[in-house]
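Subject: Structure for your files

Hello,

Here is the structure I said I would pass on. My notes on it follow below.

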Amino acid sequence: MCIALLLQAKDGVSDDEAIQRTAYDLRWKVSLGIELEDKLCAKSTLQMFRAKLVLHDAFGRIFQASVDECRREGLLKRKKLDVAIDTTPVLGRGAVKDTFNLISDQIRNVVHAVVSVEGLDRDEFVCEHGLTRHFGSSFKGQAEIDWSDAEQKRALVGQLVADAKVALALAKTGLRGYAKDAEHTADLRAAADLLAELLLQDINESPDDEGGPEIKQGTKPGRIVSTTDTEIRHGRKSASNTFEGHKASVAADTETGVILATDVLPGNAHDSQGSAELAKAAGESAEQQVDTVLADTAYGSIPNREAIADATKGAQVIAKVGPAAKRKGVELTVEDFSIDLSNGVATCPAGKTSSSYSRDKKDATHTFSFSRHDCSTCPLRPKCTSSKVGARKLRLSKHYEELSRLRKQQRTPEFKKAYRKRTRVEHRIGALVRLGVRQAKYIGRAKTKCQLALAAAVANLVLARRCVAGPA
């Protein structure tokens with residue numbers, strides 16, 4: 001069964017097609033060791049087996065077997081390990097909707113749950129409570145309003161909220177008389193809770209103008225974007241690259257390309273989330289000491305470096321740190337100043353020294369203030385401060401000295417040479433994308449973790465096979 005799942009991941013086929021191939025494809029039969037006239041099992045059996053792997057978090061054993069195979073073929077022989085880490089977007093399987101259709105879909109889900117619990121006729125129930133508008137193809141698409149008219153649009157929001165309140169009231173009635181942990185009503189409770197959460201995240205029911213409910217401006221962090229997969233999130237890989245789904249996090253050996261650990265993060269998670277645990281898992285998987293972790297700027301913060309060092313018992317992080325932040329409307333940053341923390345003196349690009357220095361004992365930040373007299377006559381003032389009458393102040397974090405050292409280090413030839421090895425993980429992510437991990441095949445993050453681990457196992461086994469076969 002495990003081999004069948006790996007073959008399925010390699011060929012990118014459906015469950016039905018996978019079972020058909022066990023019956024008719026000689027290559028699959030040889031790999032599975034089954035007779036010519038046999039097929040492996042029923043489709044439902046394969047699905048049940050995979051579900052049990054997910055339920056018991058056992059798919060990692062298949063992935064670990066691929067790492068062990070790579071080791072047997074001589075791909076992990078170094079005493080110490082250099083690991084590269086990166087993430088890539090995984091598009092969610094669930095249908096993503098705007099606020100109107102998102103809430104409408106959940107109203108429909110609540111109604112389905114209510115009639116299931118109470119054993120009612122759905123169509124009669126829907127008509128009785130005036131909720132038929134939510135059982136067409138699209139609530140928003142069926143609304144006959146002028147969408148450029150703000151008043152009509154807001155009136156529709158009010159109607160949507162009123163219907164949601166009706167659905168929640170019906171759910172409350174349907175739950176009456178049942179214990180809170182009653183299995184019979186679990187789906188109804190979950191549906192009602194989700195509807196209440198969607199209203200809370202997207203709707204302002206009491207705006208200041210008292211004009212009725214309105215859609216909230218902006219996007220709430222961690223906003224639920226789908227009722228069919230409540231775990232997918234709005235993510236951003238770059239300023240222009242947005243997606244709805246998860247993030248696949250991958251750690252690979254920089255020498256051989258063997259994938260040593262994988263994880264799936266929420267789509268809105270920072271790339272560095274869980275990177276310390278991932279680096280630790282890579283060392284445990286390879287049964288080697290992690291010496292160096294290579295990653296891009298997203299992983300270069302001081303707290304993340306410390307977390308990785310703690311998790312891996314001292315691994316060095318080779319990652320760029322971002323440039324010093326620029327103040328709005330000015331060009332000169334803290335890097336343009338000469339800082340002497342030991343004497344509490346800062347010197348500006350114009351050669352003027354700070355007039356005062358203080359250190360906050362609570363958060364260990366440093367503050368340098370310059371003379372208003374010096375700043376008022378300085379020719380660099382337009383580039384240094386946006387204040388019309390005040391003087392420049394420098395506020396430095398407690399990590400200033402370490403960040404300054406790292407920024408100097410990353411400009412050296414030695415750093416640039418070592419940093420280039422990070423591209424190995426990008427190549428391995430490319431292999432995973434070719435194996436279909438860019439699109440989640442299943443609903444939920446746990447199943448997506450299984451999909452990623454199986455694809456990584458296939459990528460590792462292909463590497464091991466190349467090692468056995470040698471160059472073409």
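Arg21 is partly exposed, at 21% relative accessibility; that label covers the range between buried (under 20% relative accessible area) and exposed (over 50%), with a 1.4 Å probe and protein chains only. This is a predicted model, in which local features need pLDDT of at least 70 and side-chain atom pairs count only at pLDDT 80 or more, while totals for chains, interfaces and linings use all residues. Residues are numbered from 1 along each chain as its sequence is written, and side-chain values use heavy atoms, with hydrogens and water left out.

Salt bridges

Arg21 pairs with Glu17 in a salt bridge, 2.9 Å from N to O; the term requires a side-chain nitrogen of Lys or Arg within 4 Å of a carboxyl oxygen of Asp or Glu. Both residues belong to helix H2 (residues 15-24), 4 residues apart, or about one turn of the helix. Helices are DSSP runs of H or I with at least four residues, strands are runs of E with at least two, and numbering starts at the N terminus. Glu17 is partly exposed as well, with a relative accessible area of 31%. A network of salt bridges links Lys10, Asp11, Glu17 and Arg21.

Arg27 and Asp25 form a salt bridge at 2.9 Å, N to O. Arg27 is exposed at 63% relative accessibility, whereas Asp25 is buried at 13%.

Arg71 and Asp68 also meet in a salt bridge, 2.9 Å from N to O. They are 3 residues apart in helix H5 (residues 59-72), so about one helical turn separates them. Here Arg71 is buried, with a relative accessible area of 18%, and Asp68 is partly exposed at 22%. The count of salt bridges comes to 25.

Nonpolar cores

The largest nonpolar core has 71 residues, and Val83, Ile85, Leu260, Val293 and Leu432 have the most contacts inside it. Such a core is a set of buried Ala, Val, Leu, Ile, Met, Phe, Trp, Tyr and Cys residues joined through side-chain atoms within 4.5 Å. Helix H18 (residues 445-469) supplies the largest share of this core, 11 residues. A second, separate core of 33 residues includes Val115, Phe125, Val157 and Ile203.

A buried loop residue

Thr312 sits in the loop between helix H12 (302-311) and strand S8 (316-318). Thr312 is buried, at 6% relative accessible area. Leaving aside residues up to four places away in sequence, Thr312 touches Ala279, Lys280, Gln289 and Val290, where contact means heavy atoms within 4.5 Å.

Regards
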